[in-house]
Amino acid sequence: QICNQHNAEAPSLEQAFHRMAQAEPNLDHDVLWFLLPSYWAKMVVALISFLCFANSYDGDFVFDDSEAIINNKDLRAETPLGDLWHHDFWGSKLSSNTSHKSYRPLTVLTFRINYLFAGGFYPVGFHVINIILHCTISVLMVDVFSILLGGLQFSNKGRRLNLAPKTSLLAALLFAVHPVHTECVAGIVGRADLLCALFFLLSFLGYCKAFRENKEGHNFSIFWVLVSVILGAVAMLCKEQGITILGLNAVFDALVINKLNVVQLFQKLLHKDKSLENSGLLRKGLLFRITLLMSGGASILYIRWRIMGTGPPAFTEVDNPASFADSLFVRAINYNYYYSLNAWLLLCPWWLCFDWSMGCIPLIKSVSDWRIIALAALWFCLIGLICQALCSEDSHKRRILTLGLGFLIIPFLPASNLFFRVGFVVAERVIYLPSIGYCILFTYGFSLLSKQAKKKKILAAAVLGLLLINVMRCALRSSQWRSEEQLFRSALSVCPLNAKVSHSCG
C-alpha cells in the first residue's frame, strides 16, 4: 500500500533525483512481522531498550570509571573548563608521554555536568543518562534503518517514506537488545561510545536531509552537507570513531543517491570509456559533495593531530601483545584472529568480558594452531558477501549488502590496528557502531529466508525468540556490571588466563 501510494505521487524523471522516488523491490513483502505506525514502532523500541538495561541504573562506579570519573580532576568545579580541551579522557595532559591521546572533551564535559548537578560522585545520575542515551539512539535507528533498507524516497509533499517498516523495526530491535552493548550502557565510561553514536547518526540523517531540501533540478543543500560534517566533528570529540561517518556518507551518496555500480564504473575507468563524461557524476554533484566531506575530514584530523601533540599514544605490550610481535606474520595473523572474535561477539554474544588483555587470548604463532580456522571462516564469509555486494545484478541487493558491509567495517577501522596501534586486544565497546552493519545483514538475510520459507510463522517465532533471549542476556549482563565484584567474577569463566581478572578478584 505504501509503495502504491508512493508510485501515485511520484514526480517526473527530472525530479526523481531529489525525491528518490524510484520503484524498488519491497523488502517487507514476504516478511511475517509486526507492522506498526512509525511512532508506535519507536515507542516499542524505546521501551524494550529501556527494559534491557534498567537494572543497571543504581550500579556502582566500576572498572575504568574510577580513573575516568572519580580520579579525574577535570570533573571538579575548581578545574577551569578550558583544561578539558588540553587533557585526554583520563584527565592527563595530551602533551604527556604517558597520555593515551584519547581526546574526548565533550564526553568529559557531560561527566562534569553530571557531577555538578548531583553535587558529588553519585553514580545513579551517570547511569540514568547512559540508559536514556541508548534508548534515544535505538529510536533513531528506526529512521536510519528505514533509509538503509528501504531507500531514501519522498512523497511529492516532501515527506520521507518508510518503504520497509517491518524490517526497519526488526533491525532497530536487534540493535536495541544486543548484549554486546552492555558495556557501553552499564559501564559509565561507555558514554563516549553512546555520545559518539548519537552524533554519528545525526550526521547521517543530516546528510540525507541535504536531498530532502531539494526544490528544483539537480541541486542539493550545501548547508546540510556542512552540517553533517560539523556533526561528524562533534562525534569525534566524543570518541575517535565518529570521524568514520564522513566516509559512510560518501558511500551512501554514491550507492543510494547516484545509484553507482562500482564494478561497471571500474570497468569504464579501466577502458577509458568516454561515457563517463556523461555519467551524471558531475551534474549530480557527487564529486563536489565528496570533496566537501574529504576536505572537512582532513581538516578535522589535522586539527586533532596538532592538539594531540603530533605524537602517537604510548601503550605497553600487555595492552596489545600482538602489536609488539617481531614477526609481521604473527602480527597479521593475530589481528585477523581478533577480527574473527569481534565477529563472533556479534553473532553469539554469550561470552562477554570486561577486559580481554594480559594473557586472555594467547598469541597464534604458527599455522598449525587450530584457531586459524576462525579467521579462515571470517574471510570466507566476508569475501562471499563482498562479491555479492559488488557483482550481483540486483541493484537492490548490491545496495543493501554494500551498506551493511560499510557500516560493519568502516566504523571498526580505528580499532583494527591497521593505521595505528590500539591499547586493547578485544573491546566490546568498539562494536557498538559496527553492530549497525550486522543488524542490516541479519535483517536482509531474514527477508531472503522469508521469501523461501514455506512456514513463515516458525521463522518469525525463531527471530522473536532470539530477541527475547537477547533481552534476558542484557538484563543478566547489566546486573553483573552493578558492582566490581560481580563484574570480575563473571570474567573468570570467560578469561581464566587473564592476569588482570585474577588480580582484580584477589
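At 5% relative accessibility, His-396 counts as buried, where buried means under 20% relative accessible area, exposed over 50%, and partly exposed in between (1.4 Å probe, protein chains only). The structure is a predicted model, in which local features need pLDDT of at least 70 and side-chain atom pairs count only at pLDDT 80 or more, while totals for chains, interfaces and linings use all residues. Residues are numbered from 1 along each chain as its sequence is written, and side-chain values use heavy atoms, with hydrogens and water left out.

His-396 sits in helix α17; helices (H or I, at least four residues) and strands (E, at least two) are DSSP runs numbered from the N terminus. Ser-392 is found in the loop between α16 and α17 (395–409). This serine is also buried, with 13% relative accessibility. Leaving aside residues up to four places away in sequence, Ser-392 touches Cys-387, Lys-397 and Arg-398, a contact being heavy atoms within 4.5 Å.

The overall build of the chain comes next. The protein chain contains 21 helices and two strands. Its C-alpha atoms fill a box of roughly 70 × 55 × 55 Å along the principal axes. For 506 residues, a compact globule would have a radius of gyration near 23 Å, and the chain has 23 Å, which agrees; this radius is taken over C-alpha atoms, and the globule rule is 2.2 Å times the number of residues to the power 0.38. Of the 506 residues, 52% count as buried. Among contacts with a separation of 6 or more, 76% come from residues 24 or more positions apart. The chain exposes about 23300 Å², of which carbon and sulfur atoms supply 65%; accessible areas come from the Shrake-Rupley method with a 1.4 Å probe, and for residues only the protein chains shown count as cover.

The cysteines deserve a visit of their own. The structure holds one disulfide, defined as a pair of cysteine sulfur atoms within 2.5 Å. Cys-360 and Cys-495 form this bond, with their sulfur atoms 1.9 Å apart. The link is left-handed, with -40° about the S-S bond. It joins distant parts of the chain, 135 residues apart: Cys-360 lies in the loop between α15 (328–347) and α16 (372–391), and Cys-495 in the loop between α20 (484–492) and α21 (499–505). Both Cys-360 and Cys-495 are buried. Cys-353, by contrast, is in no disulfide, and the nearest cysteine sulfur, that of Cys-495, is 3.9 Å away. Cys-353 is itself buried, with a relative accessible area of 1%. For Cys-391, the closest cysteine sulfur is in Cys-387, at 5.6 Å, too far for a bond. Cys-391 is exposed, its relative accessible area being 54%.

At 1.5 Å a residue, its 16 residues (38–53) should span 22 Å, and the end C-alpha atoms are 23 Å apart, which agrees; the expected span is 1.5 Å times one less than the number of residues. The buried residues of α3 are Ala-41, Val-45, Ser-49, Cys-52 and Phe-53. Seen down the helix axis, these buried residues fall within an arc of 80°, so they line one face of α3; the arc is that of the directions from the helix axis to the C-beta atoms. The face turned away from this buried side carries the exposed residues Tyr-39 and Leu-51. The cover over the buried residues of α3 includes α6 (123–150), α7 (165–176), α8 (182–186) and α19 (456–480).

Two residues call for a look at the backbone. Most residues other than glycine have a negative phi. Phe-63, though not a glycine, has a positive phi near 50°. Phe-63 lies in the loop between α3 and α4 (65–70) and is buried, with a relative accessible area of 17%. Met-358 likewise has a positive phi, of about 50°, without being a glycine. Met-358 is placed in the loop between α15 and α16 and is partly exposed, at a relative accessible area of 30%.
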